[in-house]
Amino acid sequence: MDRPSAYKRAAPRQAAEPPVSGPSSADHLPSGEAWARSVFIAPLPRAQAELAERWPAIVGAPAAVRVTDLVDPRRGYWRSQVGTRIAPAHPAAIERGTRMHRTLGEILGPSAAFEVQIARAGVVGQIDALLDVPIELKTTSRAVPAEELLERRPEAVAQLVAYCALSERPRGWLALVAGADAGPFAVSVGEFDAGNLADRLRALAHEADRFRYALEKGSPASLPACRWFDHGCEFQRDGLCDCSGTEEEERSPMISGIAPGRTVEPTRAQWETAWNRSPAAPAPLVSSFRDLVYPRLAYMEATRGRAEGYPRTPASELRRRLREVLEAGPVGEVARLLPRTEQAPDLIESWQGEPLLVRTTHASVRPSPEEISRSAPQHALELGFRCAAVGIPNGRLVLGWERAPTGQIPFQVLRYHFEPLGTFSRMWRERVLALEATRRDGRFERLAACPAWRARSCPYQPECGCPGGLTSR
Ligand code: SF4
């Protein structure tokens, strides 16, 4: 794959902030655990001011619609009504996906940003990879030549053009990879010119209004026909949609006037070399960072069955808005970092180059860093594990409070500094070993208990009997 000529980094901008200083949060953690002495917390006033300036425009606008819903609006509509129909990823699929990202990282070099999130004009998109072109990566069972991508994968091309509009890049690449399980590969990369970007963005905003209208009305009647009707649509298959197949067909405004793709060469040889340089790693022993933070809960869920609706709560309106305010910043600021360890269960979300956590609390007033340390030590743990995964000693918490008085800025930005960072790598290893041992002998008491607030509504409490409070085991 040739790099674009005007090759430049979609660099995350690092905000200049004063160094973190102040007391360790150890004194404020309920358990006084040893790991807490490696955590330092301080406000980030410039980052806070940056987000606060954007906030009024975000909070006064309609909720952003995802590009993936706009390029396939009927399925997007039903997804919003009944949830995703995709089964949880199999460990082998997670491993393959991670390997695919590492392969792409090998090909594109260190300048590439991955899974870049951008919100513009009421639309939000996640770009698989970004150089000075956005790159959309799709896997497929059968190869499609670059020249035929527009005809045979119109949604994917529409998605790419939408990303060009959001990221203000005049052209983009659609990479289609077939046979990614073992190789050899058939790879086609088509380059597309996006046309007038301002027009595309306007059309995108219009499509978003139309999608919101369907949601408001509680009916997809105003949305065009689904291309997957009678061709494997999961909502039709499961009897969850009311589509009839007679709806009006429409060509997406993202692909009107688009010329067929041009092949970007070389592709296959480069892809194979990079794939071989990124050997398969054993599937991570934990499937999420949450399992590392709450290992006892992870064990209970895995062995007793997950209780319906517990403990996941849908993202609140405030949490969605906080994401939008971050995503409205310069292109490339919100992206995912490739972990250094193969044991990381996911890529690491970052903002301005540092691992990021966005959380909310039910508080009505702004909590102090000390209160956050005391009442929510899990944020330090989760960020610490994420920082350990990428070898970066600083992470950021954007924390909103749900019951803030109207008109107040309802969030704050904190930097967590971890020193030594090795504390978290060590704890990661210990927790994984403890989980493995518990899977063998069932003695879950050795696993770290969850904080008290979690235990209060936990369905496993009668059996588990946890006292609450984090422990470092
Ligand atoms: S009872 Fe407590 S420690 Fe046990 S799983 Fe539930 S919250 Fe976690």
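1. The shell around the ligand consists of Arg296, Leu297, Met300, Ala449, Cys450, Arg454, Ala455, Cys458, Tyr460, Gln461, Cys464 and Cys466 (a residue is near a molecule if its C-beta atom, placed from the backbone, lies within 6 Å of it). The model is predicted: local features need pLDDT of at least 70, side-chain atom pairs count only at pLDDT 80 or more, and totals for chains, interfaces and linings use all residues. Residues are numbered from 1 along each chain as its sequence is written.

2. Two or more shell residues come from each of H11, helix H16 (452-455) and helix H17 (461-464) (helices are DSSP runs of H or I, at least four residues, numbered from the N terminus). H11 gives the largest share, three residues. By class the shell has nine nonpolar, one polar and two charged residues (Ala, Val, Leu, Ile, Met, Phe, Trp, Tyr, Cys and Pro count as nonpolar, Asp, Glu, Lys and Arg as charged, the others, Gly among them, as polar).

3. H11 (residues 295-304) also packs on H15 (residues 422-441): their axes come within 11 Å and cross at roughly 30° (axes are lines fitted to C-alpha atoms over the stretch in contact, with angles from 0 to 180 degrees between N-to-C directions). The two helices are therefore roughly parallel (angles under 35 degrees). Pro295, Ala298 and Tyr299 of H11 meet Arg431, Ala434, Leu435 and Thr438 of H15 (contact: C-beta atoms, placed from the backbone, within 7 Å). These residues divide into five nonpolar, one polar and one charged.

4. Ser288 lies in the loop between helix H9 (268-277) and helix H10 (289-293). Its C-alpha is 9.4 Å from that of Ala298, 10 residues away in sequence.

Key:
Parallel < 35°, antiparallel > 145°, perpendicular 65-115°, else oblique. Contact = placed C-beta atoms within 7 Å.
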